[in-house]
Amino acid sequence: DLYNESSGLRHRNTWTYFSVLSGLPLRNNQYNKSPAQILLRWNIQQNIIPIPKSKNPARLEENFFVFDFTLEDKDMQILNSMNENHRTSYNPLTFDF
């Protein structure tokens, strides 16, 4: 984790999630999907709308192929257990825009 003293925000490098995800039991490639696709699908199954971005055309296209599979409950639980309740941005409920 990186901590920015001026903003009081803690940031986690996205690659950290991918490296952790690659070590999970669900990454035995049973879904035949990339870590990014797994994380996008995890959000969708929680009724969270992810907003992925990439300058890489292949990754942009890959992001569309998250509706042809469903994560099993046990895999959803594994991903949910990774929550450390850290924000990577301001709290929209309390930030004065």
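The legends below describe close-up views of a predicted model.

**View 1. The aromatic pair formed by Y31 and F69.** The structure holds one aromatic pair, and in it the ring centres of Y31 and F69 lie 5.7 Å apart while the ring planes meet at 45 degrees, so the pair is classed as tilted. Y31 belongs to the loop between α1 (14–22) and α2 (35–45), whereas F69 belongs to the loop between α3 (57–62) and α4 (73–80), so the pair ties together parts that are 38 residues apart in sequence. With a relative accessible area of 12%, Y31 is buried, and F69, at 9% relative accessibility, counts as buried as well; the cut-off behind both assignments is a relative accessible area under 20%.

**View 2. The salt bridge between K33 and D68**. Of the two salt bridges that the structure holds, the one shown here joins K33 to D68, with the closest N and O atoms 3.0 Å apart. The partners come from distant parts of the chain, since K33 sits in the loop between α1 and α2 and D68 in the loop between α3 and α4, 35 residues apart.

**View 3. The salt bridge between E72 and K74**. In this view the side chains of E72 and K74 meet in a salt bridge, for which the N to O distance is 3.8 Å. E72 has a relative accessible area of 38% and is partly exposed, and K74, at 48% relative accessibility, likewise counts as partly exposed.

**View 4. The contact of α2 with α4**. Two packed helices are described by the angle between their axes and the distance between the axes. Here the axes of α2 and α4 come within 11 Å and cross at roughly 100 degrees, which makes α2 roughly perpendicular to α4. On the α2 side the contact involves I38, L39, W42 and Q45, and these meet M76, L79 and N80 in α4. By type, the residues of this contact divide into five nonpolar and two polar, with no charged residue among them.

Definitions and conventions: Residues are numbered from 1 along each chain as its sequence is written. This is a predicted model: local features need pLDDT of at least 70, side-chain atom pairs count only at pLDDT 80 or more; totals for chains, interfaces and linings use all residues. Side-chain values use heavy atoms; hydrogens and water are left out. Rings of Phe, Tyr and Trp (its six-membered ring) pair if their centres lie within 6.5 Å; planes under 30 degrees apart count as stacked, over 60 as edge-to-face and the rest as tilted. Helices (H or I, at least four residues) and strands (E, at least two) are DSSP runs, numbered from the N terminus. Buried means under 20% relative accessible area, exposed over 50%, partly exposed in between (1.4 Å probe, protein chains only). Axes are lines fitted to C-alpha atoms, for helices over the stretch in contact, and angles run from 0 to 180 degrees between N-to-C directions. Angles under 35 degrees count as roughly parallel, over 145 as roughly antiparallel, 65 to 115 as roughly perpendicular and the rest as oblique. Contact means heavy atoms within 4.5 Å. Ala, Val, Leu, Ile, Met, Phe, Trp, Tyr, Cys and Pro count as nonpolar, Asp, Glu, Lys and Arg as charged, and the others, Gly among them, as polar. A salt bridge is a side-chain nitrogen of Lys or Arg within 4 Å of a carboxyl oxygen of Asp or Glu.
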